[in-house]
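Before you take this model further, please read through the points below with the coordinates open beside you.

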There are 2 protein chains.
Amino acid sequence: MFCVIGERINTTRKSVREAVVKRDVNFIQKDVKKQQAAGAHFIDVNAGARIGHEMEDMKWLIETIQPVIDVPLCLDSPDPSVLEMAYGMVNQPPMINSISLEKDRFDTILPFLKGKRCKIISLCMDDSGMPTGAQDIVDRARRIVYAFEDMGIKRDAIYVDPLVQPVSTDNAKGVMVLEAVEGIANELPGVHITGGLSNISYGLPKRPIINRIFLCLMMMAGMDSAILDPLDAATMAAIKTTEMLLGKDDYCTRYLQAIRAGEIIA
Amino acid sequence: MFCVIGERINTTRKSVREAVVKRDVNFIQKDVKKQQAAGAHFIDVNAGARIGHEMEDMKWLIETIQPVIDVPLCLDSPDPSVLEMAYGMVNQPPMINSISLEKDRFDTILPFLKGKRCKIISLCMDDSGMPTGAQDIVDRARRIVYAFEDMGIKRDAIYVDPLVQPVSTDNAKGVMVLEAVEGIANELPGVHITGGLSNISYGLPKRPIINRIFLCLMMMAGMDSAILDPLDAATMAAIKTTEMLLGKDDYCTRYLQAIRAGEIIA
């Protein structure tokens, strides 16, 4: 089943930052309960926006969120000491968001990962910068998978992010990442493919329709997870509909359940 | 560019049948002008519903429609004598909808096609019935293409319809036709792929959202034409958005034009 990572608890969002500053338990708990009810499989938690406060804000967020949800957390920080602290608090194996092939970032997170039970998102980014072609993305994904497998991390725990780039700057960028996802799915079977989609529409008007259709195309290419807002009902409906069309919903059961719950909006 | 065949002028639709019976010139002309303005590249004309009146109804429809539009017609009839009459009236090479591999139907239309300047839609249907797998569809498309090419018809004039079947009866039917379209696009480069999409959602609620997402997936697979209602604004917006995402809209020009025209609705 397509894995939705709910992106809303991020202190770069003004309303979340204010709730964190005020220690507004109710605001945060209400939000994450809604994300879970809408179908999030992981709740991303990013406390990075208040410089100098990440450790305490992350701790408060986990204390606040964890008691009211059943799904695991996605710990979103580049700081291994914050991740260590957070990992010690979670009551289910978390997802880690994220590592990359950039040497500094890779070497910084690597010691944290040793012996941990978690899933990990890894960006197809290296020290040469953003990938420049579909094969380049596939090659980076292979380096990520092989590096983690060498460390004993199972392929099923690895989520690669092919890095979606705007179609407004170069109209080949959509096809590039779609082909890359097909390549990763074919050449590295079993690895998960995730990421944010919204970069695709950067600089263009009516971004939600672009993002939503692109998500459907990425699912057909082989993407099986995304970091998005589960409270965007049209997007969640598009995911359920696409899964059905791709033969991943026996007897259309989940589509019809969603219909009965009033979740499929046209 | 994706080729839209506007399906509205069909006497199986009650409002159209009534307009035809009343010889309501204004109703028909208004409809086809709207279809053209919305982006139809062909206007399908089907006068088959009034048994015994097809010849006169088709003649009246062509007389009524042709003076007010600039795009060519898609002559939609199984009757070669109706097609002969209609072909004699059109002022631009038409499309013919449709032939199939069924021996009777093929042999009936074949003499009509000899020496005509037209495009032709051919269904992947033969005397054994509906296709049962992706490779079966590709094989039928190949038989169609080779048969027409042997008659001197150029591949660029051939539009194969892979025959969309409902996902509600078998959840593999969506993937089957998507794979078939990929196969046809790869193995028979240059042939066009068209058809109606709405069968995919037969028996399910909220059909428009299913049809629309399926169209986007079919376009990614290689479908480059469809028979649909061009006045369905959300579908036309999805086509323009998908073309942009598939790298077929340089500098996002057509998407941005559609935005300025208020045509992209989310």
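The numbered points that follow go from overall confidence to the interface and then to local details.

1. Confidence. This is a predicted model, and for the complex the predictor reports an ipTM of 0.95 together with a pTM of 0.96. For chain A the mean pLDDT is 96, and 100% of the residues of that chain reach 70 or more.

2. Relation of the copies. Chain B is superposed on chain A by a rotation of 180° with 0.0 Å of shift along its axis, and the RMSD of that superposition is 0.0 Å. The two copies are thus related as by a two-fold rotation axis. If you wish to locate this axis in the display, B:Leu217 is the residue of chain B that comes closest to it, with its C-alpha at 3.0 Å.

3. Extent of the interface. The contact draws 38 residues from chain A and 38 residues from chain B, and the area buried between the two chains is about 3100 Å², with carbon and sulfur atoms giving 77% of it. On the side of chain B, the residues that lose the most area to chain A are B:Asn171, B:Met220 and B:Leu245, which together account for 22% of what that side buries. Because 100% of the interface residues of chain B are also interface residues in chain A, the copies meet through the same surface.

4. Which kinds of interaction cross between the chains? On the side of chain B that touches chain A, the elements that give two or more residues are helix H7 (173-187), helix H8 (207-221), helix H9 (233-245) and helix H10 (253-260) of chain B. Of these, H8(B) gives the most, with nine residues. By residue class, the side of chain B that touches chain A divides into 26 nonpolar, six polar and six charged residues.

5. Cis peptide bonds. In chain A, a cis peptide bond joins A:Asn97 and A:Ser98, with omega about 5°, and A:Ser98 has its place in strand S4 (residues 95-100) of chain A. In chain B, the peptide bond from B:Asn97 to B:Ser98 is cis as well, with omega near 10°, and B:Ser98 lies in strand S4 (residues 95-100) of chain B.

6. Positive phi. A:Leu163, although not a glycine, has a positive phi of about 70°, and this residue is found in the loop between strand S6 (158-161) and helix H7 (173-187) of chain A. As background to this point and the previous one, most residues other than glycine have a negative phi, and most peptide bonds are trans.

7. Salt bridges. Over all chains, a search of the whole structure finds 34 salt bridges. One of the pairs that meet in a salt bridge is formed by the side chains of A:Asp126 and A:Arg143, at 3.2 Å from N to O. That pair links distant parts of the chain, 17 residues apart: A:Asp126 is in the loop between strand S5 (119-123) and helix H6 (134-150) of chain A, while A:Arg143 is in helix H6 of chain A.

Methods
Residues numbered from 1 in each chain as written. Chains lettered and ligands numbered in written order. Predicted model: local features only at pLDDT ≥ 70, side-chain atom pairs only at ≥ 80, totals over all residues. Heavy atoms only, no water. Contact = heavy atoms within 4.5 Å. Buried area = accessible area lost by both parts, 1.4 Å probe. Helix = DSSP H or I, 4+ residues; strand = E, 2+ residues; numbered from the N terminus. Nonpolar A, V, L, I, M, F, W, Y, C, P; charged D, E, K, R; others polar. Least-squares fit on C-alpha atoms with pLDDT ≥ 70 in both. pLDDT = per-residue confidence, 0-100. Salt bridge = Lys/Arg side-chain N within 4 Å of Asp/Glu carboxyl O.
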